[in-house]
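User: Hi! I'm new to reading protein structures. Could you walk me through this one with a few questions?

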Amino acid sequence: VAAMLPPDWELKLADTNIAPLADADIAWADWVFLSGMIVHKESAREIARRCAALGRPVIAGGPLFTTGHWDFPEIHHFVLGEAENVIDELVADMRRGEVKATYRAPDFPDVTRTPVPRWDLADLRHYVTMPVQFSRGCPFDCEFCDIVVMYGRVPRTKTNPQILAELQALYDRGYRGHVDFVDDNFIGNKKRVRLLMPELKAWLEKHDYPFEFSTEASINLADDD
C-alpha cells in the first residue's frame, strides 16, 4: 500500500509485532492506516481508540476489516478488499478532506500493476522472514478458509520480472535469509508457477543463493515431481 501512495507523502511504518506503538507515532501522522488479521482484533480496537483520543483519523483495511468491519464502530473509514483499484480515489478524497466511509473495488485488480513494496520503511534487521507475493486467490473452496471470499477462485499472478524485482530489491537492501511466498495457494495456477521456477532458480544461482523459501500450497503439490 505504501508503494501506491504519492511519492511526496511522508510515511512511517509502525509494526506492533516489533515494538509498542508510541503516542508520538500517532501524533506525527495526519492519517493512520491500520491493517491486521483476525488475531489482531483486540489490538486494532485499542489502536483505534488511541488514535481517536489523539485526534487522528483512521483508515482501516486488510483481512480483519474486509471480513468484519462492522465490528469496529469506532473506525469511520474502511478499504474493503484489495487496494490497487481504489487507491487513486482514496488519495484524491484525502487531499480534498472528503474521505468516504467505505471503499471497495467492483472487481479484482490486475496484480501485474502492483509495485515493488517499500522495503525502505522497515528495519529488515528485526525480521526472520520477509514476504513476497506471487499470486492472489485459490481455485479451492475449503470450508475453513476465507481466501475465496476476499480474493476469488481464479488465481491472479504477477509476472516473473515483478517477482525477481522484489527479490532484487530485498537483496540490494542487504537482506539475506528466509523469504516466505505469502500466496493463498502457491500452486493455485500451476502453469504460471512452472514458468516462474526456472527463472527463480537462475536468479538464485546468479546471486549465490541468498534466500531460502517457504510457502503455503495445497497437498496436490505432491502430484508433481
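Predicted model: local features only at pLDDT ≥ 70, side-chain atom pairs only at ≥ 80, totals over all residues.

User: Which strands do the buried residues of α4 pack against?

Analyst: Start from the buried side of α4, which includes Leu90 and Met94. Its buried residues pack against β1 (32–35), β2 (58–61), β3 (77–80) and β4 (102–104).

User: How far apart are the closest N and O atoms in the salt bridge of Arg96 with Asp93?

Analyst: Both residues belong to helix α4, and being three residues apart they are separated by about one helical turn. Arg96 counts as exposed at 51% relative accessibility, because the cut-off is over 50%. Asp93 counts as buried at 2%. Their closest N and O atoms are 2.2 Å apart.

User: Is His77 buried or exposed, and which backbone oxygen does its side chain reach?

Analyst: His77 is found in strand β3. Its relative accessible area is 15%, and since under 20% means buried, His77 is buried. Beyond its neighbours within four places in sequence, His77 is in contact with residues including Trp31, Val58 and Val99. At 2.9 Å, its side chain reaches the backbone oxygen of Lys100.

User: Which residues touch the most other members of the largest nonpolar core?

Analyst: This core has 21 residues. The elements giving it two or more residues are β5 (129–132), α6 (160–172), β8 (177–181) and α7 (190–206). The largest share, five residues, comes from α7. The residues that touch the most other members are Leu167 and Leu170.

User: Where are Lys12 and Asp25, the pair that links distant parts of the chain, and how many residues apart are they?

Analyst: Lys12 and Asp25 form a salt bridge, with their closest N and O atoms 3.6 Å apart. Lys12 is partly exposed at 44% relative accessibility, and Asp25 is partly exposed too, at 24%. Lys12 lies in the segment before α1 (23–28) and Asp25 in helix α1, which places them 13 residues apart.

Technical notes
Residues numbered from 1 in each chain as written. Heavy atoms only, no water. Buried < 20%, exposed > 50% of the residue type's maximum accessible area, 1.4 Å probe, protein only. Helix = DSSP H or I, 4+ residues; strand = E, 2+ residues; numbered from the N terminus. Contact = heavy atoms within 4.5 Å. Polar contact = N/O pair within 3.5 Å; in protein donor to acceptor, adjacent residues only side chain to side chain. Core = buried A, V, L, I, M, F, W, Y, C linked by side-chain atoms within 4.5 Å. Salt bridge = Lys/Arg side-chain N within 4 Å of Asp/Glu carboxyl O.
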